[in-house]
Amino acid sequence: MNNSKKIGFLVSGITDEFTKPLCEGIIEEAEHDDVDIIVIPVKYIDREMKEIQDLYEYQYKTNAENVIAENIDVLIVSADTIGCLTTKENMMNFLDGLRARGIPILLAASRREGYPGVVFDNKVGIIDGITYLIEELGVKKICMLRPLYNNSDIEERCEAFYETMDFYKLPVEPNSVITTTHSNDYEADCYRLMDLNPDVEAVFCVTDAAAMEFYKAMEKRGLVPGKDIKIMGFDNSISGSMITPSLTTVEASPEMLGRRVYKQVRRILEGWDIGDSVVPTRFILRDSFGSFLNRTNVDKKILDKNYLDKYFHRIFYKYENVPESEGLETLIQYKTFMNVLIDYVNDADFSPKRSAFLKTKLDEFLQTGALAFSDANVLLAYVNRLKQTILDRFDDYEAKCSVYNTFSGLSERITMILRDDVIKHEKMMSDSFMALKNMVEDTLNFSKGDDESYKNIVSNLSHFGIKNAYVYIYEKPIFHKEKEPFKVPDKLLLKVAMTEGEIQVLPPEEQPINLMDIYSNPYITDSKYNMVLMPLYFRENLYGSVLYDLTDITYENGEFLANQYSTAARVIDILNK
């Protein structure tokens with residue numbers, strides 16, 4: 001039996017873009033401690049069930065009832081995500097109910113009175129971004145697009161906007177701030193902002209999601225972000241970095257926050273009384289402000305050794321979130337390569353030996369894995385701007401040809417690495433799709449409603465790198481309507497256990513498990529683990545839950561897997577009857 005300390009983490013959804021990096025930060029920081037992490041998705045508190053595909057997702061909230069003081073030592077709660085669509089009072093009642101069970105609670109990315117938490121300093125990055133608009137780009141008319149719902153993060157972001165505009169004595173008219181409805185009228189709100197503010201120069205969108213919607217509205221009106229209106233988001237989402245033009249944003253690093261969260265958990269386990277802890281945010285300049293590489297003063301600085309640090313931190317900003325020693329080594333290799341390159345240009349020595357030496361230094365830099373920490377769009381723009389600046393230094397045709405050939409080789413080397421990463425990702429996604437297809441076919445490949453049939457639920461999980469899975473079934477399905485109280489039975493039936501890849505169907509006399517042992521049953525792996533608990537339900541009927549390893553596939557397809565297993569549990573129950 002696994003006797004490690006159990007750390008529960010209540011999140012909204014396992015597939016949410018914010019959840020994965022936050023979990024990864026927690027898990028990385030906890031790597032050397034004797035603790036197990038259990039991620040427990042609960043979706044949303046009091047969500048209005050309209051305009052969504054799954055009208056019965058409220059069943060996820062019952063997942064929280066699997067958390068009791070006897071099976072969880074510390075509970076982390078992502079309160080602002082699971083409570084973003086409810087009132088502050090209802091969210092506080094939910095938290096107070098959890099605390100009444102006698103469990104120490106730590107909030108992640110949320111600030112609530114009476115509860116310690118780890119929060120972002122939302123204001124720093126926003127102030128830097130708006131300051132850049134005003135001081136560097138000379139922008140005066142800035143509007144704000146904000147979502148309807150409220151939480152501490154959203155409120156701080158809005159405050160930062162007002163405070164910065166006030167500092168620069170720039171007026172914020174009532175029509176300059178538009179609150180979106182986060183529904184089908186989202187696009188209309190974007191049009192309304194533009195119509196009410198025809199002289200708008202820049203828009204601060206309080207989330208990247210809002211910025212994406214503003215991009216769409218601009219496109220339909222023939223406007224270009226960065227050229228006609230400058231756009232800034234907040235979140236540094238993957239989609240924001242990949243859209244064209246790339247989105248200027250504020251990075252609130254979930255990984256960094258996750259690491260800080262677990263450091264606070266460690267202190268709780270050691271008996272400390274803790275308060276709030278703050279994680280900084282960072283302004284990330286991209287092309288929706290107009291590329292900083294296209295500005296007139298760039299050519300004077302891009303080959304100036306005094307500005308190497310500035311460009312490194314603009315392009316490889318993700319090194320802000322790794323240990324200082326790792327980032328320092330890469331910075332040194334980058335500056336070494338750039339010094340060699342600048343000397344190569346200043347000396348105008350284009351001999352094959354000098355070019356080969358330059359390529360060697362590039363390879364040494366790339367071998368540090370730096371590209372994984374870059375903003376690819378900014379990196380490629382930087383390389384192209386660097387090439388053009390160097391070409392402009394020479395009037396001699398042969399010199400231009402030498403520079404062009406050398407630089408084309410350097411550009412191709414970088415592009416090939418980026419392309420190979422994309423190909424690897426696409427292959428992984430293709431393999432994942434085929435595994436999912438086979439899983440769908442095999443999950444329902446049974447004809448009897450007996451315990452052996454539950455084996456199908458875990459039989460294909462090994463294809464997703466999952467070695468441990470435990471299927472808990474209620475003695476009888478529980479009929480549960482939205483907003484009705486729910487209580488997990490004290491006894492669950494552990495039908496199937498997969499431990500380190502070995503699957504066993506338990507005999508009836510060994511199946512009953514107390515709720516307090518759900519994360520440490522007699523068959524659970526003795527190894528340190530990170531798992532997710534997913535509810536098994538079909539409409540109003542709850543059948544139980546499945547606990548299994550947290551992997552990359554789980555983050556991407558966890559809800560799909562749970563839906564398939566829920567279908568299997570329902571069919572088994574029907575056949576059994």
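Which side chains meet in a salt bridge at 2.9 Å, N to O? The side chains of Glu187 and Lys220 do.

## Basis of the model

This is a predicted model, in which local features need pLDDT of at least 70, side-chain atom pairs count only at pLDDT 80 or more, and totals for chains, interfaces and linings use all residues. Residues are numbered from 1 along each chain as its sequence is written, and side-chain values use heavy atoms, leaving out hydrogens and water.

## Helix 7

Helices (H or I, at least four residues) and strands (E, at least two) are DSSP runs, numbered from the N terminus. Helix 7 covers residues 208-220, 13 residues in total. Its first and last C-alpha atoms lie 19 Å apart, close to the 18 Å expected at 1.5 Å a residue. That expected span is 1.5 Å times one less than the number of residues. Gly222 follows helix 7, with a positive phi near 75°.

Several residues of helix 7 are buried, among them Asp208, Met212, Phe214 and Tyr215. Buried means under 20% relative accessible area, exposed means over 50%, and partly exposed lies in between (1.4 Å probe, protein chains only). The buried residues of helix 7 pack against strand 6 (142-146), helix 6 (186-196), strand 8 (202-205), strand 9 (230-232), helix 8 (238-242) and strand 10 (249-251). Contact here means heavy atoms within 4.5 Å.

## Salt bridges

Side chains of opposite charge can pair when their charged atoms come close. A salt bridge is a side-chain nitrogen of Lys or Arg within 4 Å of a carboxyl oxygen of Asp or Glu. By this rule the count is 23.

One of them joins Lys6 and Asp36, at 2.5 Å from N to O. Lys6 sits in strand 1 (residues 5-11) and Asp36 in strand 2 (residues 35-41), so the pair ties together parts 30 residues apart in sequence. Lys6 and Asp36 are both buried.

## Links across the chain

Arg101 and Glu65 also form a salt bridge, at 3.2 Å from N to O. Arg101 is in the loop between helix 3 (88-99) and strand 4 (105-108). Glu65 is in the loop between strand 2 and strand 3 (74-77), and the two residues are 36 apart. Arg101 is partly exposed at 27% relative accessibility. Glu65 is partly exposed too, at 25%.

Now back to the opening pair, Glu187 and Lys220. Glu187 lies in helix 6 and Lys220 in helix 7, so their bridge ties together parts 33 residues apart in sequence. Glu187 is partly exposed, with a relative accessible area of 24%. Lys220 is exposed, at 58%. Elsewhere, salt bridges that share partners join Glu29, Asp33 and Arg266 into one network.
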